Amino acid sequence: MTDAIVIGGGPNGLVAANLLADQGWEVLLLEANAQIGGAVRSAEDVADEFVHDTFSSFYPLAAVSPTIRALGLDEFGLEWSNAPAPVGNPMTDGGWAIVHNDPFDTADELDKLAPGDGESWLEMYDDWRRIEREMVGLLLDPFPPVRSGAALVRHLVGRRGMERIRLLASSVRSLGDRTFHGDAAKMLLATNAQHADISPESAGSGLMGWLLVMLGQQFGYPVPRGGAGQLTLALARRFVARGGVIRCGERVVGVEVHGGRAVGVRTADEFLGVRRAVLADVSAPALYGDLLPDAVVPSRVQRAMRGFEWDPGTVKVDWALDAPIPWRETPSKSPGTVHLAESVDSLTLSAAQLAAGRVPDNPFLLMGQMTTADPTRSPAGTESAWAYTHVPQEIRGNGPYTGDWTPAEAERFADHIQSKVEQAAPGFTSHITQRRVMSPRDLESRNANLVGGAVNGGTAALHQQLVFRPIPGLARAETPVKGLFLASASAHPGGGVHGACGSNAARAAVLHNRVRRR
């Protein structure tokens, strides 16, 4: 018997395990796959000498997360690397919209494209710096974020305060239109907002675009040197150094509950008991629908979970290239993250097709130039690259794709993705030496939390955030079962590699244990 069991070895599970070990708890982490990492893994499995991240790659939220920063992972081998520029968009009428490492360089380039936009950019960034600490706390602290929320309130009074409130409630289209004149700055906001499944016209998209582009301006879009898996390895090394135990290839098939309290877990081979808590880095539907007996899940929770909404699926293509990407116009500085979209209107049309159950005709692409961001990822003069786009969880209608995502269908859609890159970078295809395509089915088979290829643990739309995540009434890590805590991205604050979901669950477990012992 151990003090706590953590189900799942993704970043949230590893963060939770570390924080419990810091409290002197005996902690066992069980991972169903042959290796830990969840959606933070990398390998040379596309081409020899090319490191490709299997799922996620860029971690601006990790750079700002108080939880990740406090772990001191540099002592356990983690090094961060940054591209010459964090993020950029090639523009259809020529040139690039780029966030540079220096905000004055960003402003100067934007001002050349649209006079006045540089000053507006610096004003937006200066205001971000005034409220950055409170905003990060508001987003990542356990709900309700009392301390950071109270601190933010003082920034929401007066004329400037009203503008901030308006920004938080705005769509990204509205925010861009009233702040900037030119398309470049508007596209920087709008494409960054598409990291979440929120349309450019939806409330909350302005907050998402502003948050990510300001994080990029302040901290960059860092990557772990040597591959995303190096972040996982650093978390694992720290945990083991504090006495933690990791067992891979151990799929938990159930959580045992007696007297309304979680007392352990069952694997296919054995029962493992706990003295204090079980923390589940699994999706909310998996926890309440698969791991817990129906008899211990209140009927209201069962009903609400039937309405849990996943974010769209994902198709990801990895490439090994024998040269850097030959962009039609060479950017002034090469960005690690590249967004491919023609306009805000094209993003709106793509989002509408996704909502209608159609694969977008002209999908938004999020790309990574990984060797540009970290030269250790592939031999000199080459590029380790990828792109992904979203597809509906359920395809409706009689379009060219069925949604079965057979290997042939996935390859055909990858050709479509590749053709869009070719338009922006003529000659791109001629530099491909190897290609790997991962459909929604492939992603889920590699990580059970990525249901249907959903990478954010559930939609980031407002109706399933804050007090509504994962369902109304369960906005914290606590569950209806005593001693059982939800530690995955299905819990507040949701997707992204920030460790907050795991941290919130560990805090809750420690607090409830103290109350129990009194």
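The residues lining the largest cavity divide into four nonpolar, three polar and no charged; here Ala, Val, Leu, Ile, Met, Phe, Trp, Tyr, Cys and Pro count as nonpolar, Asp, Glu, Lys and Arg as charged, and the others, Gly among them, as polar. The model is a predicted one, in which local features need pLDDT of at least 70 and side-chain atom pairs count only at pLDDT 80 or more, while totals for chains, interfaces and linings use all residues. Residues are numbered from 1 along each chain as its sequence is written, and side-chain values use heavy atoms, with hydrogens and water left out.

The lining is made up of N82, A83, A85, P86, N101, G220 and Y221. A cavity is a set of points, on a 1 Å grid over the protein atoms alone, where a 1.4 Å probe fits but cannot get out, and lining residues have an atom within 4 Å of a point. The structure holds one cavity of 30 Å³ or more, and the volume of the largest cavity is about 30 Å³. Grid points are joined across faces, edges and corners, and a volume is the space filled by probe spheres set on the points.

Attention now turns to the strands, which are DSSP runs of E with at least two residues, numbered from the N terminus. In strand β13 (residues 313-321), nine of its nine residues are buried, that is, under 20% relative accessible area with a 1.4 Å probe and protein chains only. In a regular strand, side chains alternate between the two faces of the sheet. Both faces of β13 are covered, with G313, V315, V317, W319 and L321 on one side and T314, K316, D318 and A320 on the other.

Two strands pair if DSSP finds at least two bridges between them. β13 runs antiparallel to strand β16 (residues 383-391), joined by nine bridges, and V317 stands opposite A387 in β16. Strand β17 (residues 432-438) is also antiparallel to β13, with six bridges; here A320 faces Q434.

Strand β12 (residues 271-280) is mostly covered too, with seven of its 10 residues buried. Five bridges link β12 in parallel to strand β1 (residues 2-7), where T2 stands opposite V274. With strand β11 (residues 261-267), β12 pairs in the antiparallel sense over three bridges; G264 has G273 as its bridge partner, and a hairpin joins β11 to β12 through three residues. Finally, β12 and strand β18 (residues 484-486) pair in the parallel sense over three bridges, with V278 partnered by L484.

Technical notes. Buried means under 20% relative accessible area, exposed over 50%, partly exposed in between (1.4 Å probe, protein chains only). Helices (H or I, at least four residues) and strands (E, at least two) are DSSP runs, numbered from the N terminus. On a 1 Å grid over the protein atoms alone, a cavity is a set of points where a 1.4 Å probe fits but cannot get out, and a pocket is an open set with protein on both sides within 12 Å along at least five of seven lines; lining residues have an atom within 4 Å of a point.
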